[in-house]
Amino acid sequence: MKVLGILGAHRRDGITEKMLSTVLAGVKAPNQTELIYLEDYPFKPDREGQPNPVLDELEQKMLASDVWVLAAPTYWGGLAGKMKDFFDCMRERLVRIDHLGGTHPDRFKNKHYLSITDCYTGTFENWVTGVTDQSFRTIDKVMTAAGVIKLHELVLTNTFGMQELPESKKQTCLKWGQRLNSVKKRDDSTLKRYIELFFMIAFMALVTMGIQAGFHLLPRHSFWLSYGSFVVIFYVLLASILHFFTVVKHRRR
Ligand SMILES: Cc1cc2nc3c(=O)[nH]c(=O)nc-3n(C[C@H](O)[C@H](O)[C@H](O)COP(=O)(O)O)c2cc1C
């Protein structure tokens, strides 16, 4: 198995690189690692009929690896430009584009990724305001379109003036690097997701019926009031939980 680290940051030797190389240090032989610094690759978007050897090289590296560790700082509340530009230039290679311009997973489907970002913002402020959320969201959006499976995300806050990783973060990065050694080729968590879904629905149905009983919305002779209140309460709970898991919940500490 091969793990490819991709660094999109202004600084080659900054704290983002330290997180990335610590994760890669956790990967052990016979597994292989490679770290590429995007600034070393003067890539441009593809132009029809024109060769693009730089993107070809990057694409080959991505195809040849099973796991990508994508590391980029948070700049201006979003993903660092170099990484974003890389995704933009790679778009037509990352996905298959249909006749209406829609995107579909293609050759990278079922590879895995782990994302890393960091910021000057303090831990508490990031926890409350989610400064780094947008960076993760951008990475997730691109990877989802390409059919690449997320393993985890790592965040580091308070990076102003930081020269070395705090010991606890170093250990977390190493732990995740070690976990990469046992990533399976294919995503086999479909059954797990269906089981989780079952329990989520069972729990929400229980809460919904509890609320109905508590607010006397279960009159014996009014089927439609019971049914209507169930649908509304269940919908609000479902929307909240989906919003939390798909939009809000990112690593902030
Ligand atoms: C252009 C630029 C924009 C930045 N914008 C933010 C920001 O909006 N919020 C924040 O907390 N930190 C911001 N930072 C701080 C970076 O997140 C910080 O430099 C990074 O955590 C350190 O990574 P490095 O050591 O790998 O360069 C910015 C830094 C630069 C250079």
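This is a predicted model: local features need pLDDT of at least 70, side-chain atom pairs count only at pLDDT 80 or more; totals for chains, interfaces and linings use all residues.
Figure 1. The side chain of T74 forms a polar contact of 2.8 Å with the side chain of S135. T74 is also among the residues that come nearest to the ligand, together with T16, W76, T121 and T159.

**Figure 2. Polar atoms facing the ligand.** A polar side-chain atom of T16 is placed 2.5 Å from a ligand oxygen atom. For T121, a polar side-chain atom likewise lies 2.5 Å from an oxygen atom of the ligand. In G77 the backbone takes this part: one of its N or O atoms is 3.0 Å from an oxygen atom of the ligand. The ligand, taken alone, exposes 630 Å², and 80% of that area is buried by the protein.

Figure 3. The ligand takes up the space of the second largest pocket. Helix α1 (15-25) and strand β4 (74-75) are the elements that contribute two or more residues to the shell around the ligand. There are 14 residues around the ligand.

Figure 4. The peptide bond that runs from A29 to P30 is cis, and its omega is near 10°. P30 lies in the loop that links α1 to β2 (32-37). In general, most peptide bonds are trans, and a negative phi is found in most residues other than glycine.

**Figure 5. Positive phi at N158.** N158 is a residue other than glycine with a positive phi, near 60°. This residue is located in the loop between β9 (149-156) and α6 (167-180). N158 counts as partly exposed because its relative accessibility is 43%, a value that falls between the 20% and 50% limits.

**Figure 6. Positive phi at H216.** H216, also a residue other than glycine, has a positive phi near 55°. The loop between α7 (190-214) and α8 (223-248) contains H216. With a relative accessibility of 69%, H216 counts as exposed, since that class begins over 50%.

Figure 7. N126 is part of helix α4, which covers residues 123-129. Its relative accessible area is 0%, so N126 is buried. Although N126 and R253 are 127 residues apart in sequence, their C-alpha atoms are 7.4 Å apart in space. L154 is found in strand β9. L154 is buried as well, because its relative accessible area is 3%. Between L154 and R253 there are 8.5 Å from C-alpha to C-alpha, with a sequence separation of 99 residues.

**Figure 8. E39 and its separation from R253.** E39 sits in the loop between β2 and α2 (53-63). A relative accessible area of 38% makes E39 partly exposed. The C-alpha atoms of E39 and R253 are 28 Å apart, and the two residues are 214 positions apart in sequence.

Figure 9. E92 has its place in helix α3, which comprises residues 81-94. E92 is exposed because its relative accessible area is 58%, over the 50% limit. P45 and E92 are separated by 47 residues in sequence and by 9.1 Å in space, C-alpha to C-alpha.

**Figure 10. The setting of the close-up views.** The protein contains eight helices and nine strands. Its C-alpha trace spans about 70 × 50 × 35 Å along the principal axes. Of the 253 residues in the protein, 42% are buried.

Key. Residues are numbered from 1 along each chain as its sequence is written. Side-chain values use heavy atoms; hydrogens and water are left out. A residue is near a molecule or strand if one of its heavy atoms lies within 4 Å of it. A polar contact is a pair of N or O atoms within 3.5 Å; within protein, one must be able to donate a hydrogen and the other to accept it, and residues adjacent in sequence count only if both atoms are side-chain atoms. Accessible areas come from the Shrake-Rupley method with a 1.4 Å probe; for residues, only the protein chains shown count as cover. On a 1 Å grid over the protein atoms alone, a cavity is a set of points where a 1.4 Å probe fits but cannot get out, and a pocket is an open set with protein on both sides within 12 Å along at least five of seven lines; lining residues have an atom within 4 Å of a point. A molecule sits in a cavity or pocket if more than half of its atoms lie within 2 Å of its grid points. Helices (H or I, at least four residues) and strands (E, at least two) are DSSP runs, numbered from the N terminus. Buried means under 20% relative accessible area, exposed over 50%, partly exposed in between (1.4 Å probe, protein chains only).
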